[in-house]
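Please look over the model below before reading on. The points that follow are meant to be checked against it one at a time.

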Amino acid sequence: MGVEVSRLSNGLTVATETLPSLESVALGAWVKSGARNERDDEHGMAHLLEHMAFKGTKRRTAFEIASEIEDVGGEINAATSVETTSYYARVLSDDVPLAVDILADILQESEFDPEELEREQHVILQEIGAAHDTPDDIVFDRFTETAFRHQTIGRSILGTPETVKSFTSKQLHDFIERQYGAEKMVIVAAGDIKHDNFVREVEKQLGGFRSKSDSTMPQYAQYVGGDFREDRDLMDAQIVLPQYAQYVGGDFREDRDLMDAQIVLGFEGRAYHVRDFYASQVLSMILGGGMSSRLFQEVREKRGLCYSVYAFHWGFSDTGIFGVHAATGQSDIAELVPVIIDELQKAGENILQEELDRARAQYRAGLIMSAESPASRASQIARQLLLFGRPIAKEELMERLSALTVERLTDLSSRLFSTKPTLTAVGPVGTLAPYEAILDSLAGTHTTARKLAV
């Protein structure tokens, strides 16, 4: 039957996919508003809302929210990302009306009680401290902060102790009023679900939800290169526009007395909507997507220079970032980065057909396996609706992947890895080559890259 989509009179999008043989349903509300939509004095507020979502409404206490869903064996949670926030549940099919009622309740009637707020602020301060004490977490925070310096897209989702402690109940209510509207939300269910019944249930609970938020969506940014350090305030007191993303790159190092070093080397990636997005995803798999990948084989298996290495590509609505993460001991740092750079540059000269075929097979298997999980499938449908305005069939995705060629991937590699790099490192990083030397090696030959280790 595939994905069925309806739109309510207030503009709210409702989508379902029936998954045969299941007796449960994964469902949730996804909002096109996340950490990127915060003002400077709201840094961390979208994440705090995730914590406060289940702390009491006008009809339910925090305990009642938890107990009602768990009394029927269900589970409920929330998550915050750079560009979206989600509230979701998993229940047996007979309990879908209860789950919709609870989700609608927390979206529309949350109290944000000051005492509950103070407790959750304390919890998040602990979370911020824990992240700072975890090198493989903090290195990624520093990575995005450096790649998108002085921009909301690059800030830590958690916020800072100063901003988190300053938030009031009124600010939380104002943020929801400003950011949450039906035109920026989708309600999705996957599993043992009937579309018409689900639409009626959502209509009953959320049909009166405000059609529009007070914010407007940003235009897509165009990368222009260079260094950007201007801290702009693009928002007035009523309307908050996310900053247009501009990748700037740069260098961040924190020398800590640790047993190992965490290193991330990255470049400007591709936005969801651009031609090279799927090519970038496949390239990350070829370079560092598994045990057969180039980086794993060369850096870990053949040379033993690290205990962990992988590549990734993150897409956003108007930009992206391609990166390699490695974790290694102090004695191997000097040699590790040149070898990684060498492998990246080789990709701009030659990619084998068998590598492309393997990456495509991995991608296809991932799509099929995720479709077997109702929670993964609901999340995937929601992302597609928010990003593209429609669900994308697996067959269409495979057609895009089938159109990729080794020539296109090598061309992408040569362009991608010639952009200004972002390098972040945390740990005993004193022997890591200077940033200027890494810049020179990326602009030169493989021999130049290897000389960094000398």
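1. Basis of the note. This is a predicted model, in which local features need pLDDT of at least 70, side-chain atom pairs count only at pLDDT 80 or more, and totals for chains, interfaces and linings use all residues. Residues are numbered from 1 along each chain as its sequence is written, and side-chain values use heavy atoms, with hydrogens and water left out.

2. The six-stranded sheet. Six strands form an open sheet with mixed pairing, in the order S1-S2-S6-S3-S5-S4. Strands (E, at least two residues) and helices (H or I, at least four) are DSSP runs, numbered from the N terminus, and two strands pair if DSSP finds at least two bridges between them. Strand S1 (3–7) and strand S4 (75–80) each have a single partner strand, so one side of each has no neighbour in the sheet. On average, neighbouring strands of this sheet are turned by 15° against each other, direction ignored.

3. Strand S3 (residues 24–31) runs antiparallel to strand S6 (residues 185–191), and seven bridges join them. Within this pairing, Gly-28 stands opposite Val-188 in S6.

4. Axes are lines fitted to C-alpha atoms, for helices over the stretch in contact, and angles run from 0 to 180 degrees between N-to-C directions.

5. The helix pair. H1 also packs with helix H7 (residues 169–179), at an angle of about 105° and with axes 11 Å apart. That makes H1 roughly perpendicular to H7 (the label covers 65 to 115 degrees). Met-45, Ala-46, Leu-48, Leu-49 and Met-52 in H1 meet Gln-171, Leu-172, Phe-175 and Ile-176 in H7. By class, this contact has eight nonpolar, one polar and no charged residues. Ala, Val, Leu, Ile, Met, Phe, Trp, Tyr, Cys and Pro count as nonpolar, Asp, Glu, Lys and Arg as charged, and the others, Gly among them, as polar.

6. The five-stranded sheet. Another open sheet has five strands in the order S7-S11-S8-S10-S9, again with mixed pairing. Its edge strands are strand S7 (250–255) and S9, each pairing on one side only. S9 and strand S10 (residues 320–329) pair in the antiparallel sense over eight bridges, and Phe-312 stands opposite Gly-323 in S10.

7. The largest pocket. How much space lies in the largest pocket? The value is about 810 Å³. A pocket is an open set of points on a 1 Å grid over the protein atoms alone, where a 1.4 Å probe fits, with protein on both sides within 12 Å along at least five of seven lines; lining residues have an atom within 4 Å of a point. A volume is the space filled by probe spheres set on the points, which are joined across faces, edges and corners. The lining has 40 residues, and Thr-80, Ser-81, Val-82, Thr-84 and Ile-157 lie nearest the centre. H13 gives the most to this lining, with seven residues.

8. The second largest pocket. Its volume is about 530 Å³. Of the 21 residues in its lining, Phe-277, Gln-281, Tyr-363, Gln-380 and Arg-383 lie nearest the centre. The lining has 11 nonpolar, nine polar and one charged residues.

How values were computed:
Angles under 35 degrees count as roughly parallel, over 145 as roughly antiparallel, 65 to 115 as roughly perpendicular and the rest as oblique. Contact means heavy atoms within 4.5 Å.
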